[in-house]
Amino acid sequence: MALACWPALVGCSDAASSREDASGPDVDPVRAELVALFAGDHPGDDSTEAGECFADGLLDKVTPDQLREGGVLDKEFDVNREVTALDRTVAEAWTYAQLACTDFVAESTKAQVDLTSGKLDTSKYVACLDRRLDQDIIRNATIAALMADWSDEALEDLSVAQSVCSKTSLQPS
């Protein structure tokens, strides 16, 4: 459910880690689950730090109850492991947090290097993405993907940019 990551827009804080919502669950276990979800199965220091930033940013924008209603958490406030479309409020909060904590172009580049078995000219790929994408496209595409709105123009623009930039940035074998 965690899409490719995006450029930093704001700083992160530890405020969410000590909050409790009087009408909802303890935020700390929810935060820990969100960190683990974002950091992945084999987190390194960078991905754990990004996961902490993401969880704090998300919990600054939405409550655990909203995350449950929006599809991220299940009835017990555990991360919902089923692939689901998020509602707009949660998709926007997720995107805000993701963009604040990671760099989309860097994450896309890492993914393309893996997909091409290291045959990608990373400087060409980065320059190409920088020419073809702006923050609005990245933000809108992320929101659309989280909402499973596959017809959104920004999502198509993002996909085409990644495909074209990958193809034009391959190094000869």
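**Charge, cores and loops**

Reply: One surface patch of negative charge gathers Asp45, Asp46, Glu49 and Glu52. Patch members have over 30% relative accessible area and no salt bridge; like charges are joined within 9 Å, nonpolar side chains (Val, Leu, Ile, Met, Phe, Trp, Tyr) within 5 Å. Lys and Arg count as positive, Asp and Glu as negative, while His and the chain ends are not counted. Each charge is placed at NZ of Lys, CZ of Arg, CG of Asp or CD of Glu.

Me: What kind of model is this, and how are its residues numbered?

Reply: Residues are numbered from 1 along each chain as its sequence is written, and side-chain values use heavy atoms, with hydrogens and water left out. This is a predicted model: local features need pLDDT of at least 70, side-chain atom pairs count only at pLDDT 80 or more, and totals for chains, interfaces and linings use all residues.

Me: How many helices and strands are in the protein?

Reply: Helices (H or I, at least four residues) and strands (E, at least two) are DSSP runs, numbered from the N terminus. From that end, the elements run α-α-α-α-α-α-α-α. The count is eight helices and zero strands.

Me: Is Glu52 buried, partly exposed or exposed?

Reply: Glu52 sits in helix α2, residues 45–61. Buried means under 20% relative accessible area, exposed over 50%, and partly exposed in between (1.4 Å probe, protein chains only). Areas come from the Shrake-Rupley method with a 1.4 Å probe, and for residues only the protein chains shown count as cover. Glu52 has 34% relative accessibility, so it counts as partly exposed.

Me: What percentage of the residues in the protein is buried?

Reply: The protein has 173 residues. The buried part comes to 42%.

Me: Which residues touch the most other members of the largest nonpolar core?

Reply: A nonpolar core is a set of buried Ala, Val, Leu, Ile, Met, Phe, Trp, Tyr and Cys residues joined through side-chain atoms within 4.5 Å. In soluble globular proteins, nonpolar side chains tend to be buried together. The largest core here holds 28 residues, and those touching the most other members are Leu34, Leu58, Leu67, Val72 and Trp94.

Me: Which helix supplies the largest share of this core?

Reply: At least two core residues come from each of α1 (27–39), α2, α4 (88–101) and α7 (135–146). The largest share is seven residues, and it comes from α4.

Me: How many residues are in the second, separate core?

Reply: Its members include Leu120, Tyr125, Leu133 and Ala141. The size of this second core is 18 residues.

Me: How many salt bridges are there?

Reply: A salt bridge is a side-chain nitrogen of Lys or Arg within 4 Å of a carboxyl oxygen of Asp or Glu. One of them joins Asp65 and Arg68, at 3.4 Å from N to O. By this rule, the count is five.

Me: Why are Asp65 and Arg68 about one helical turn apart?

Reply: Asp65 is buried at 18% relative accessibility, whereas Arg68 is partly exposed at 31%. The two lie in helix α3 (residues 64–70), and they are about one turn apart because their spacing is three residues.

Me: Which residue forms a salt bridge with Arg88?

Reply: Arg88 is partly exposed, at 45% relative accessible area. The closest N and O atoms are 3.1 Å apart, and the partner is Glu92.

Me: What is the N to O distance between Asp136 and Arg139?

Reply: Both residues lie in helix α7, three residues apart, about one turn. Asp136 is partly exposed at 41% relative accessibility, and so is Arg139 at 30%. Their side chains meet in a salt bridge at 2.4 Å.

Me: What is the phi of Ser117?

Reply: Most residues other than glycine have a negative phi, and most peptide bonds are trans. Ser117 lies in the loop between α5 (104–115) and α6 (122–132). At 63% relative accessibility, Ser117 is exposed. Its phi is positive, near 55°.

Me: Where is Ala148, and what is its phi?

Reply: Ala148 is in the loop between α7 and α8 (153–168). At 34% relative accessibility, Ala148 is partly exposed. Although Ala148 is not a glycine, its phi is positive, at about 60°.

Me: What distance separates the C-alpha atoms of Arg132 and Gln162?

Reply: Arg132 lies in helix α6 and is partly exposed at 40% relative accessibility. Arg132 and Gln162 are 30 residues apart along the chain, and their C-alpha atoms are separated by 9.0 Å.
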